[in-house]
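Subject: Handing over a structure, with notes

Dear colleague,

I am passing on the structure we spoke of, and the notes below it are meant for someone who has not looked at it before. Please have it open beside you as you read.

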Amino acid sequence: MNVIPSVNLQDFVSGDPVRKQKFIDEIGKAYEEIGFVALKGHFLDDKLVEDLYEEIKNFFSLPLDQKEKYEIPGIGGQRGYVSFGKESAKGQKQGDLKEFWHFGQYVEDDPVRMKEYPKNVTVTELPKFNEVGKEAYAMLEKTAKYVLRALALHLDLEETYFDNYIYNGNSILRPIHYPPITEEPKNAVRAAAHGDINLITLLMGAQGRGLQVQNHKGEWLDAIAAPDELMINVGDMLSRHTNNKLKSTIHRVVNPPKELWGTSRYSIPFFMHPISEMKLDVLESCIDKDHPKQFEDITAGEFLHERLLELGLIKK
């Protein structure tokens with residue numbers, strides 16, 4: 001597959017069984033072949049998207065000493081601000097050319113989860129920042145829930161198979177700022193080639209060139225969404241759970257041509273994580289004589305911890 005397919009979530013929620021099955025077939029095929037789709041018909045309206053971009057641009061424009069007040073030690077960057085160059089891709093020593101913010105789960109009716117997750121961090125300089133972030137988090141989480149319902153049906157599971165695992169799950173909304181490039185980068189790109197850790201990732205801000213996806217021939221394809229689309233890809237947790245039937249695809253954000261070095265880039269991924277106890281053991285339905293079990297049993301929490309160590313966000 002040499003292009004990123006486009007699908008429309010409104011087919012799935014239409015109430016028309018033919019349209020619903022069309023969406024299941026399209027997204028299932030895309031995730032088996034390239035691991036990415038561009039999704040129309042999601043639950044983010046234009047006003048919310050506009051407000052979110054305005055708020056994150058306002059935050060990243062703050063002086064560094066103000067932003068650094070929100071860099072919380074000891075939590076592996078799970079909430080608040082992570083400064084420029086702190087994160088590197090698995091296997092990379094050079095830090096990526098980005099700074100970012102983390103909104104986490106807004107836990108409901110679960111005192112255990114409230115203790116498990118760090119609290120969200122409030123930006124006092126920007127009164128609407130946290131409110132807009134919380135609303136966007138909720139709409140992206142709702143979109144992800146329906147995508148996972150479609151994938152459950154594609155995998156011959158109950159439609160609501162994932163629902164209890166993602167309710168109060170450890171999901172993260174990450175507004176990213178790739179600042180203007182001021183000098184020739186030494187072996188660093190805005191985001192080095194990597195696979196995502198989680199179940200699925202929903203990405204806002206893939207309208208311009210920069211994001212590239214590696215197909216199964218090893219070729220890099222530009223992944224450019226229409227203004228009303230989210231890019232949604234399979235993460236390593238879901239790939240592992242399905243014995244690599246659904247593909248977690250390597251992707252990267254390359255540096256722009258030199259004439260565009262003076263421009264910022266913003267993107268906003270939502271990383272859909274389950275609760276930490278979810279077993280990522282390979283589904284029996286994804287094992288047969290041609291596809292033996294590829295992965296050891298592990299929980300989502302254990303897998304996340306391993307990967308945060310590899311990324312350098314937490315120390316041994």
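Predicted model: local features only at pLDDT ≥ 70, side-chain atom pairs only at ≥ 80, totals over all residues.

**Aromatic rings**

The structure holds 15 aromatic pairs. In one of them, the rings of F12 and F23 have centres 5.7 Å apart and planes at 50°, so this pair is tilted. It links distant parts of the chain, since F12 belongs to helix α1 (residues 9–12) and F23 to helix α2 (residues 17–33), with 11 residues of separation. Both F12 and F23 are buried.

A second pair, F59 and F60, has ring centres 5.4 Å apart and planes at 70°, and because an angle over 60 degrees counts as edge-to-face, that is how this pair is described. F59 is buried, with a relative accessible area of 0%, and F60, at 6%, counts as buried too. These two residues also belong to a cluster in which ring pairs link F59, F60, Y70, Y81, W101, F103 and F129.

Charged side chains are found over rings as well: the charged end of K20 sits over the ring of F12, 5.1 Å from its centre, while R252 lies over the face of W220, at 3.9 Å from the ring centre.

**Strands around β9**

Strand β9 (residues 211–214) runs antiparallel to strand β12 (residues 251–253), and 3 bridges join them; here V213 stands opposite H251. Strand β9 is also joined by 3 bridges to strand β10 (residues 220–222), again in an antiparallel arrangement, with Q214 opposite W220. Together β9 and β10 form a hairpin with 5 residues between them, and in its turn G218 has a positive phi of about 85°.

As general background, nonpolar side chains in soluble globular proteins tend to be buried together. In this model the largest nonpolar core has 66 residues, and those with the most contacts inside it are F59, W101, L151, I200 and I232. Helix α6 (residues 129–154) gives the most to this core, with 11 residues. If neighbours within four places in sequence are left aside, L151 is in contact with I27, Y31, I200, L238 and L246. Apart from this core lies another, of 16 residues, and A38, V82, L211 and L221 are among them.

D11 is found in helix α1 and is buried, with a relative accessible area of 10%. Not counting residues up to four places away in sequence, D11 touches D16, R19, K20, K22 and F23.

N233 is found in strand β11 (residues 230–234), and at 3% relative accessibility it counts as buried, because the limit is under 20%.

With kind regards

Key. Residues numbered from 1 in each chain as written. Heavy atoms only, no water. Phe/Tyr/Trp six-rings, centres within 6.5 Å; stacked < 30°, edge-to-face > 60°. Helix = DSSP H or I, 4+ residues; strand = E, 2+ residues; numbered from the N terminus. Buried < 20%, exposed > 50% of the residue type's maximum accessible area, 1.4 Å probe, protein only. Lys NZ or Arg CZ within 6 Å of the ring centre and 35° of its normal. Pairing = 2+ DSSP bridges. Core = buried A, V, L, I, M, F, W, Y, C linked by side-chain atoms within 4.5 Å. Contact = heavy atoms within 4.5 Å.
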